[in-house]
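Please open the model in your viewer and keep the selection tool at hand. The tour goes from one selection to the next and says what is there at each stop.

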Amino acid sequence: MQRRTVIWKTPEISADGLKMFACAMMLLQTIGISVVEKGLIHIDQYTQEQFSALLAEDSHLMFLAGVGSVLQLLGGMAVPLFAFLLVEGFLHTSDYRRYLLSVVLFALVSEIPYDLALYQRVWAPMGQNALCSMAVSLLMLYFLRMTRSMGTAAGILSKLLIVAGAVAWVSLLRAEYGLSIVLLTAVFYLFYARNGWKMALGILISLLHVTGPLAFYGICCYNEVRTDRIPRYAYYLFYPLHLLALGLLSVFVISC
């Protein structure tokens, strides 16, 4: 009897597929932080010692804390995907200025919903939303592109200074996922044609989010198809809208 050979075919994932998956993971993470931890558990009301003592006494609270932690871990997969898609957008956009302006405008629009979802207040200067990290990263890509014509030594030094400057800016702004998004964006761009280095360094940086390396399966399956079946601005709108909805929900839960 002839033995049948099973052929494993890697699935193909378009840009839309990566965007939808990243948005879904981001939604789960925001639910975990805003609704579960801030709304149901009221985690900000306790010190770490008090919260640990409550977990030991209340099994229901322990279950909720577990759910919130799992949802946040799942959200870690969105970070490498957004950095990867940012580089793809930068390399394929026909109008860089409009692309940058769109990210900056939605970063500004998203700030109040972000503060509401994360801090249950309209204005909270202790942190800025993730689109601020993406705006800084997009500026970084523009300057990195300018170093292509430089010599080896000058080019390497310039690239290091540009990336360091971007890290400094996101740190100053206290932008969400700032360090991860800047470093991943730099790796995806600078090692664009070197898949081995790109994957190895990207996975290493993504370990900051525990589940981040899992996102690289989707990146490996990316087929470079950019059909935009869903308008790109729908993804931009999703960010502030989901933050606003979950922020209002968390405030309602807290007030009950």
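A nonpolar core is here a set of buried Ala, Val, Leu, Ile, Met, Phe, Trp, Tyr and Cys residues joined through side-chain atoms within 4.5 Å, where buried means under 20% relative accessible area, exposed over 50% and partly exposed in between, with a 1.4 Å probe and protein chains only. The model is predicted, so that local features need pLDDT of at least 70 and side-chain atom pairs count only at pLDDT 80 or more, while totals for chains, interfaces and linings use all residues. Residues are numbered from 1 along each chain as its sequence is written, and side-chain values use heavy atoms, with hydrogens and water left out.

**The cores**

Select L138 and F188 to begin, as these touch the most other members of the largest nonpolar core, which has 55 residues. Helix α6 (residues 130–146) gives the most to this core, with 10 residues; helices (H or I, at least four residues) and strands (E, at least two) are DSSP runs, numbered from the N terminus. Around F188, apart from neighbours within four places in sequence, display P80, A83, F84, V87, K198, F216 and I219, with which F188 is in contact, contact meaning heavy atoms within 4.5 Å. A second, separate core has 8 residues, among them I41, L61, A65 and L71.

**Helix α4**

Next select residues 78–92, which make up helix α4. Of its 15 residues, 12 are buried, including P80, A83, F84 and V87, which are also contacts of F188. The expected span of a helix is 1.5 Å times one less than its number of residues, and so α4 should span 21 Å, in agreement with the 21 Å between its end C-alpha atoms.

**A135 on helix α6**

Return to helix α6 and pick A135, which counts as buried because its relative accessible area is 11%. Setting aside neighbours within four places in sequence, A135 is in contact with L100, V103 and V104. If you draw a C-alpha to C-alpha distance from A135 to Y99, it comes to 9.6 Å, although the two are 36 residues apart in sequence.

**Charged side chains**

The structure holds 1 salt bridge, a term that stands for a side-chain nitrogen of Lys or Arg within 4 Å of a carboxyl oxygen of Asp or Glu. Select K38 and D44, which form a salt bridge with their closest N and O atoms 3.7 Å apart. K38 is buried, with a relative accessible area of 11%, whereas D44 counts as exposed at 55%.

Then move to E176, in the loop between α7 (152–173) and α8 (178–190).

**Backbone and cysteines**

Most residues other than glycine have a negative phi.

Finish with the cysteines: with a disulfide taken as a pair of cysteine sulfur atoms within 2.5 Å, the count comes to 0. The nearest cysteine sulfur to C23 is that of C132, 17 Å away, and the sulfur of C220 is 6.6 Å from the closest one, in C221, which is too far for a bond.
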